Amino acid sequence: MILTTEMIQLFAVVLAKDCEPVTETLLREGVMQFINISELENVKPKSLSEIKSDISLTKISDLRKRIEGFLFAGGVIPPAPRETDLNKRAVVNIEKENAFLDKMAGELESIRERQRVLQQEIHKLEDIKRQVELYGIGISDITLKAKHSFIAMQIGKLPAMNVKQLEDALQDLPSLNVALGQEDDMSHHLLISMKRDNEQINKILSKVGWSKVELPGELRSVRKDVFNELTTKLQTLAAEQKKAGMKVHDLMEKEQKRLSEIWINIRINELLLKIQENFASSSRTVIFTGWLPSSKKNRLTRKIRQACEDRCYLEWNQAGSLGVIGDEVPVRLDNPKVFAPFQMLVSNFGIPQYGTIDPTPFVMPIYLTMFGLMFADLGQGLILAFLGALGAYFLRNNEQKQGSRNLSWLVVWCGCSSIFFGALFGSFFGIGLFPPLWFDYHGIIAGHSAHNSAINSVVDILSITIYFGISVIALGLLFNWINIIREKKWIELVFDKGGILGGWIYGGGIYIVFYLTSHNYKEVPPDIMIFLLVGLPALLLFIKEPYHYFKHQEGQSEKKFNVTAIPNFFMGWIVELLEIFSGYLSNTLSFMRVAGLGMAHVCLMISFFTIAEMTSGFKSIVILVLGNILVISLEGLSAGIQALRLNYYEFFTKFFHGTGKLYTPISLSSSYK
Amino acid sequence: MAGPLSKYSFINAKLRARISKILPEDMFEELAKSPSLEAALVLLRDTPFAKLEEIYSTTGDLKQAELELLRSEIELYRNIKQYLHRNSIELVDALLSQFEIDNLRNAIRIYFDRKIRKRAGDTGIHYILYDRIIHDIPIDIIINAESFEEIAAACGGTPYNQIIMKYYHTVESEGSLFRMEIAFDHYYYKNLLASIDKLDRRDRAIAMRLVGVEIDLQNINWIIRFKNFYDLPLEAVLAAIVPGGFNLDIAVMEELYVAQNVTSVLQGFVKSKYPGLSALLSSHTSDSTSRLLLIRRILEEIMKQEIHRILAGYPFTIGIILSYFVLKRNELKKIRTILNAKYYRIEQERIESML
């Protein structure tokens, strides 16, 4: 948990006839991150070739994506295949599946076309409706007020038998045809169209035997509101559109089972091909290599042997040993689930190098302490925790939103930290509702501290954060030393900025500052002490530049020492010292922001209470509620960001390089996006 | 007078954050590879373009989704405008006018098809913007107009009135909107260059460089069209060229239009200003159109390099705003191209060549 998981490399040779069962076993176990042997030019013997498959990986991936297109259109996100699905695996018939998908695509296309046509109808009516809205309605009286109207309206009659013909002919034009009634075999209609289409409309009307009439007396009483008619028609079309959309859903629902089955089978075959893509084969054997956690070694050995009935050669190499193929060891961060939000913060910065310290378990307490010190309030913490829990609850089954889920959990943790520190400082929505367990933060800032604890002033609060900062930096230095020792880089251990000499200077500097403050800034430590604490390590650092100079000259006999290098040694030394002194000083002082933000939080709450006191009753409650909302959202965000920043720049930079490569084995649950 | 820091520090931070959200190249590769339109839309689900899938699945109308893209692009300019110093607002307005001009052009085309070409039932009417972009232009009147005079009158009080009045006789006599469209382009760039002139020295130099490359690209696009679709005499081509190009002036354009070996014309400036692109010039192309397409590719690469230069350089200039617009425009253009290509089932290789 503290170090990255120990990895081991497997180099395996199996008989070609056992290739399939072994591949299946590897997928079932899902623990190997393969190394593509074909890409390792120096390692691969010329006699080896890639495994030839009957189906290409590209074709199978395309087929999968095509199915996903259909499934997603029906709102279905296929779940990862299970082990039982692997047992039911069948050979993929690309042509057959494509033919099935083509048929579905045809059906889908016709639905989409219907939707498109309906949309065109909607557009046409909306065009008229917009005109009506823009240039006056007055439509109940069948007159238009505005001179700019582009709508042409006419009442006429036509033989009832020609109504269908009229409706068909008007389909391509924006128009509204309202039946007003029937007189004998003549049908009376109100026709609304666009003036710009008059030429075509007149042609159509003359074809269907339209004759203009005044509104018949008996129909005058029928006061049709055309605007309502338009709205109704639009609603009908919208309903039809929705129905067409549902047809897509129905189609997908009808075929969902089959699509899902095909998808799972294809996905399994795709994963098997992906595994085999990394294999190399000779005429009778297949070789493969890759990394897995050491703890999985015995199980995988057993499973591979079972799969090929012991007809195999397995060679295991620890990371760093001579037999290892490739340079990079993948990194697996093995932390309990509870650390997931903090592992997300670490991965966001980078992946630790293999064999170094995984800071996740330390980030959790450090981050939460910083957050709590900046945002200490029991009530506001409860709200944060509740909001985070709400997010985590709603995202609990959504694998696609894992990042958001982790973020929600982070909010829950931050809320808990606020509750804890709120209890320590006795703050509940900015009110001192209960006695503080540690000290009265609000009282100190407001200037009415109870003087009942060791912390009585703003300076004391600042000191807490400085002590905290020193501890975090010291921890970072310790981790750096551990990492360097593990890598056996002894010179770096001594001379690195975060090495022993750097740490010595930092420790010495801290002692001198504390000595000064404890003597009221009137006395410095004895000279010999200052020399031993800071001077000696600073002098020893001078060795670094010449050491590197002569080390790089090694083996280059023709190159001789040049005196001009001496000023460079001095310059390098001075710059290094400056960097160490200013760097450590600023890193430590940077932690004062924790106190700064904590004070800002208290000050904001005091301000809102002061404003609320200026009013009374309901208004004051509103001010306090709004104030709390503002503080929770603004201060919560700002405390979260500052805590992250301190972790990244003051803690991580001491030991964490973030250049590792994450362990991503091929398994049934591998992401397909 | 406001200094560059106060003018650009906020917008610089904001736009850099937004630039990091622009879809990466491998996403477009994935989109181009996706086996169907549905699959491509699925890929856009977790991006800011998720709405496209929603619109397409409710209407079955890809053009409707494209209209949404256009709206969001216009909104982008408006949104940025509110964070800008007044000196830069005029430039953004000038850039925004390209959408107004395009919209007006589309409206005039609808009128032209109906009235002059006598084509009925243009569905383009439904994919036009009726809202105000910069000026109050009653698009309804233009679409429903009976004459160009009516259109010009509707555009009264806008700079487009004069252009329409000046060119409509030619349009009617030639039966083509070509001259009027060229005039709109000229107006757009003239206005843009004028707004650049009002910027301070550093901003002016950066904007001139970037807009100059864009003018080069625009001119090359016109020349490709002239070569392929119009049989125009050289004088007419030169008259259509937009002045203000950064790398290609009128003389180079003339050479490009008539020369057989067009790449040699470009060698001079490519080798001196963009040595990294010299390799592109050695590509062997068979016909003149392919060569011009190659030049367009080179110019697009130049644009990318210019943007890279701006983003890596001094941050508090107008460059960050212009770069953002160019990057965003390219992103939207690529999405449009891919979705349309998927809709019409164009092969992956062709889509990739179109990007």
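Predicted model: local features only at pLDDT ≥ 70, side-chain atom pairs only at ≥ 80, totals over all residues.
On the side of chain B that touches chain A, the elements giving two or more residues are α2 (25-33), α3 (37-43), α4 (50-59) and α7 (139-144) of chain B. The residues of this side comprise 11 nonpolar, 10 polar and nine charged. In total, 30 residues from chain B and 29 residues from chain A take part in the contact. The area buried between the two chains amounts to about 2700 Å², and carbon and sulfur atoms contribute 51% of this area.

Three salt bridges are counted between chain B and chain A. B:Glu30 pairs in this way with A:Lys65, with a distance of 3.6 Å between the closest N and O atoms. Over all chains, the count comes to 47 salt bridges. Side chains of opposite charge can pair when their charged atoms come close.

Several salt bridges within chain A were examined individually. The side chains of A:Glu113 and A:Arg116 form a salt bridge with an N to O distance of 2.8 Å. Both residues belong to helix α4 (residues 94-134) of chain A, and because they are three residues apart, about one helical turn separates them. An α-helix has 3.6 residues a turn, so residues three or four places apart point the same way. A:Glu113 is partly exposed, its relative accessible area being 34%. A:Arg116 is likewise classed as partly exposed, at 24% relative accessibility.

A salt bridge also joins A:Arg114 to A:Glu240, with an N to O distance of 2.6 Å. This pair links distant parts of the chain, with A:Arg114 in helix α4 of chain A and A:Glu240 in helix α8 (residues 226-276) of chain A, 126 residues apart. The relative accessible area of A:Arg114 is 39%, which places this residue in the partly exposed class. A:Glu240 is partly exposed as well, with a relative accessible area of 31%.

A further salt bridge is formed by A:Glu579 and A:Lys497, whose closest N and O atoms are 2.7 Å apart. A:Glu579 is located in helix α20 (residues 565-590) of chain A, whereas A:Lys497 is in the loop between α16 (490-495) and α17 (500-518) of chain A; the pair therefore ties together parts that are 82 residues apart in sequence. A:Glu579 is partly exposed at 37% relative accessibility, and A:Lys497 is partly exposed with a relative accessible area of 36%. Elsewhere in chain A, salt bridges link A:Arg64, A:Glu68, A:Arg267 and A:Glu270 in a network.

In chain B, helix α17 (residues 319-343) was considered in terms of length and burial. At 1.5 Å a residue, the 25 residues of this helix should span 36 Å, and the end C-alpha atoms are 36 Å apart, in agreement with that expectation. Of the 25 residues of α17(B), 18 are buried, so the helix is largely enclosed by the rest of the structure. B:Arg345, which follows α17(B), has a positive phi, near 55 degrees.

Technical notes. Residues numbered from 1 in each chain as written. Chains lettered and ligands numbered in written order. Heavy atoms only, no water. Contact = heavy atoms within 4.5 Å. Buried area = accessible area lost by both parts, 1.4 Å probe. Salt bridge = Lys/Arg side-chain N within 4 Å of Asp/Glu carboxyl O. Helix = DSSP H or I, 4+ residues; strand = E, 2+ residues; numbered from the N terminus. Nonpolar A, V, L, I, M, F, W, Y, C, P; charged D, E, K, R; others polar. Expected span 1.5 Å × (residues − 1). Buried < 20%, exposed > 50% of the residue type's maximum accessible area, 1.4 Å probe, protein only.
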